[in-house]
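Subject: Handing over a structure, with notes

Dear colleague,

I am passing on a structure that you have not worked with before, and I would be glad if you opened it before reading further. My notes come after it.

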Amino acid sequence: MTSIYLLIPLSIGLVAIAVWAFFWAVNHGQFEDLDEPARSVLEED
Amino acid sequence: MAGAAVGEFALEGHWASESEGQGHAVFDAEGIRCARCAASIRTGLAALPGVTGTEINVVNGRVSVNWESATVSLGAILRTVASLGFRPVPLAGDAAAAARRDERRASMKRIGLAGLGSMQVMMYAAGLYTGAFQGIDPQVAEFLKLTCLLIATPVLLYSGAPILRGALHDLRRRTLGMDVTVSLALVLAYAASAYNTLRGAGEVYFDSVTMFIFFLLLGRWFEMKGRHQAASVTDALARALPATASRLVDASGTVETVPLAQVRVGERLRVGSGQVIPVDGRVLSAVAVVDEALVTGESIPQRRVGGEALLGGSINAGAALELEVTAAPHQSTLHALVRMLEHAQSQRPRLGLAAERMASWFIVRILLLTAAVGIAWLFIEPSRAFPAVLAVLVATCPCALSLATPVAIAAATSRLARLGVLVTRADAIEGLAHVDTVLLDKTGTLTSGSARMLGVRTRGAIDAPTALAIAAALEEFSRHPLAAAFLPHARDGMRCADALEVAGQGIEGSVMGQRWRIGSVAFAAGLAPAGSLPPQALAADLANVTVALGDESGLQASFCVTDELRADAKATVRRLRDLGLDLRLASGDRHAPVAQVARELGLSGFEAQLRPEGKLDLLRSLQRDGHRVLMIGDGINDGPVLAAADVSMAMGNGSSIAHAASDLVLLRETLGALPVAIGVARRALTIVRQNLRWAAFYNLAAIPLAALGLMPPWVAAIGMSLSSLIVVMNARRINRVDPAAPESVHPLPVGAHA
């Protein structure tokens, strides 16, 4: 059962990374427009 | 914070106005979440001497204030709002958009942290629950609880911050809001769990705490999205105007670029091809093609000949044009529209008031009930008292109840805006849903208001083309809608220099060295000595309008002019009847043309030759018989009738939109949106009723279960959140396009980032 003392801190670390990545994405406007970028690749310049 | 906001305000101009010692402003207040917040702002501002009225909309966080400029300043009002814990933000400018973006991002981060955190905590909690049944090393259990504490702490302090702050504000103002009961539950559960973890014995509720926060934030997220969507409709309009204009300095065509605010009435501007027309004006160029899609929603570019009106906010779709400014920038149609919308969005509908009162009445009872439950359990079984108190607090949160009406009304308003129907009064949607009789005006409503020449009869002294050319030279000076039928027949070199319009009769002037009169038969015959020619000699088809032309020797010609039915009038009438509505036609025109229109549309009930008072009498008698009447008119001539109707809708055409004194404005020159709008209003009302019934049912059902200890706190958290989510999602159904109703109209260009 000692493995749990390694795995649980590891899981907390992973969550911390996920939270950091999500905050980064929000701060950089990744969720501002979910429709237009998908369409813009199809449009000609 | 408040200081910065007040500073930004000084730069903006159109959101606040002062005239004759009276100030009026509309702004967003960040942080408005419930009826209590609104009530605290209202009482706070009412305490300021000089503030004469405050209207607050909980759904979109919009505040509208009137004040006497002699006693109080706008700065003092904004400072008061800020001191109450709400951040005032100017409307419809970049600042408002940026504020909405920040609000959106902050909520997203809070939800993200709460979601990830609650997933983690639930995983560890699953381990603890299984351990409780299968046996677990107490050291491991203690470790898991500590981990839960570690994750739940940032979730409570960061994600739950708006809830806790709201509760603190409420307590400081000595009021009770929804945030108070929710925060009480959160803090109690968290503190007990942390204490039990640290002392190494007893229950922990970290999973309930994180999950409750996550679901609460999710419900608020959807409510916020609806609010932002409604605001972005107005923003799209307000942002349509450019910041500068090209002003013509002299006759040679030199232009200078000036800020739009400096443009004055009477000045001449140049608008390049493809550019936005910055103000209301008159075309000076011979012909212009404009795209008014943004202002009226009309998707087909319109042709305007010299002298005709241009709307600020429309796009010059043709060659470069010159115009003369007819209204100052802040008085333009577009600004009037924006102000009208903002005012409507800041009004609180009757429907919402009832639900709000119910929710605040509820909260006091919940707290009393919670205390009673806690005390009762202390006598029965002290160990179960705490979970029962938590469950009651969480399960009875009246979030769903207070959201039920405003979310549905907001969704219906933005749905109608996309149909080209502007809601200018908050109660209009409820009224529209209850309507059973529709009173229609003829000219400009069922008919397009643009006249067509059917035929000419002359007495032989002059030929038909000449008669038409003379008539056109005179009618050029007329403001009557029928005059448009003559203009295409104008001839170069045949002009009238001294035309004089006799209101309600016609025009007199000289053409080719001779005096002429055009207008009603009696008026036109008036130039000649009495009895020289019997007027009826030239009377034309009675079903249409007859315009007569006469000179000093008597009547010379008569013109038969018709005002055609709108293309979609027939289909609209049929669909209105399918909705179970009784249709009546009320017109000021003569009997024959009105009967003709009624016959074509298959309307049995019609009244002709009604003066405005006659229409009013008809309306009143319908209302006395218990009918709820929707009056549709052109918004100007029908003013008193529109005002007296249960609900009124004005046909918006051009610059008259702004003056329409009606509850709803049909922005497009088509009737097709009308049956769809009634359908939307009815569906909105159905959804409000469903929502209220559901919320009341849930709260009544959950209370006994929670009080008896049959509902653990985490089930209560899910139940409460689900009931709010159901209410919000149910309201969003209004926005769904109804497949049965053909969407023949183009949507208003709402910002894509809703």
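Predicted model: local features only at pLDDT ≥ 70, side-chain atom pairs only at ≥ 80, totals over all residues.

Chain A has 45 residues, of which 2% count as buried, and its secondary structure comes to 2 helices and 0 strands. In chain B, which has 754 residues, buried residues make up 48%, and the secondary structure there consists of 23 helices and 27 strands. If one takes the contacts in chain B between residues at least 6 apart in sequence, 68% of them join residues at least 24 apart.

Where the chains meet, 14 residues of chain B are in contact with 18 residues of chain A. On the chain B side, the elements that contribute two or more residues are α4 (94-134) and α5 (138-159), and the largest share, 7 residues, comes from α4(B). Sorted by class, this side of chain B has 7 nonpolar, 4 polar and 3 charged residues.

In soluble globular proteins, nonpolar side chains tend to be buried together. Here the largest nonpolar core has 128 residues, and those with the most contacts inside it are B:V394, B:A677 and B:A684. Helix α22 (residues 673-707) of chain B provides the largest share of this core, 18 residues. The core also draws at least three residues from each of two domains of chain B, namely domain 2 (100-235 + 342-411 + 687-735) and domain 4 (412-447 + 567-680). Leaving out residues up to four places away in sequence, B:V394 touches B:A185, B:F212, B:P713, B:A716, B:A717 and B:M720. There is also a second, separate core of 27 residues, which includes B:I518, B:A525, B:A557 and B:C560.

Two buried positions

B:A189 is found in helix α7 (residues 178-199) of chain B, and B:A189 counts as buried because 29 C-beta neighbours lie inside 10 Å, where 20 or more are required. Apart from its neighbours within four places in sequence, B:A189 is in contact with B:Y205, B:S208, B:V209, B:L390 and B:P713. The C-alpha atoms of B:A189 and B:V204 are separated by 7.9 Å, with the two residues 15 apart along the chain.

B:D441, by contrast with that helical position, lies in the loop between β16 (437-440) and α15 (442-446) of chain B. B:D441 is buried, with 26 other C-beta atoms within 10 Å.

A one-sided helix

In helix α3 (residues 74-83) of chain B, the buried residues are B:L74, B:I77, B:L78, B:T80 and B:V81. Seen down the axis of α3(B), these buried residues fall within an arc of 155°, so they line one face of the helix. After α3(B) comes B:G85, whose phi is positive, near 100°.

Strands and their pairing

Strand β14 (residues 321-325) of chain B has a covered face formed by B:L321, B:L323 and B:V325, and an uncovered one formed by B:E322 and B:E324. β14(B) pairs in the antiparallel sense with strand β8 (residues 268-271) of chain B over 4 bridges, and B:V271 stands opposite B:L321. Strand β9 (residues 281-283) of chain B also runs antiparallel to β14(B), joined by 3 bridges, with B:R282 as the bridge partner of B:E324.

An open sheet of 3 strands in chain B has the order β11-β10-β13, with antiparallel pairing. Its edge strands are β11 (302-305) and β13 (315-316), each of which pairs on one side only. Strand β10 (residues 287-291) of chain B pairs with β13(B) over 2 bridges, and B:V290 stands opposite B:N316.

Lastly, strands β19 (residues 506-511) and β20 (residues 514-519) of chain B pair in the antiparallel sense over 6 bridges, and B:E508 has B:R517 as its bridge partner. These two strands form a hairpin with 2 residues between them, and B:M512 in the turn has a positive phi of about 50°.

With best wishes

Methods. Residues numbered from 1 in each chain as written. Chains lettered and ligands numbered in written order. Core = buried A, V, L, I, M, F, W, Y, C linked by C-beta atoms within 7 Å. Buried ≥ 20, exposed ≤ 12 C-beta atoms within 10 Å, placed from the backbone. Domains from an automatic or database assignment. Contact = placed C-beta atoms within 7 Å. Nonpolar A, V, L, I, M, F, W, Y, C, P; charged D, E, K, R; others polar. Arc of directions from axis to C-beta. Pairing = 2+ DSSP bridges.
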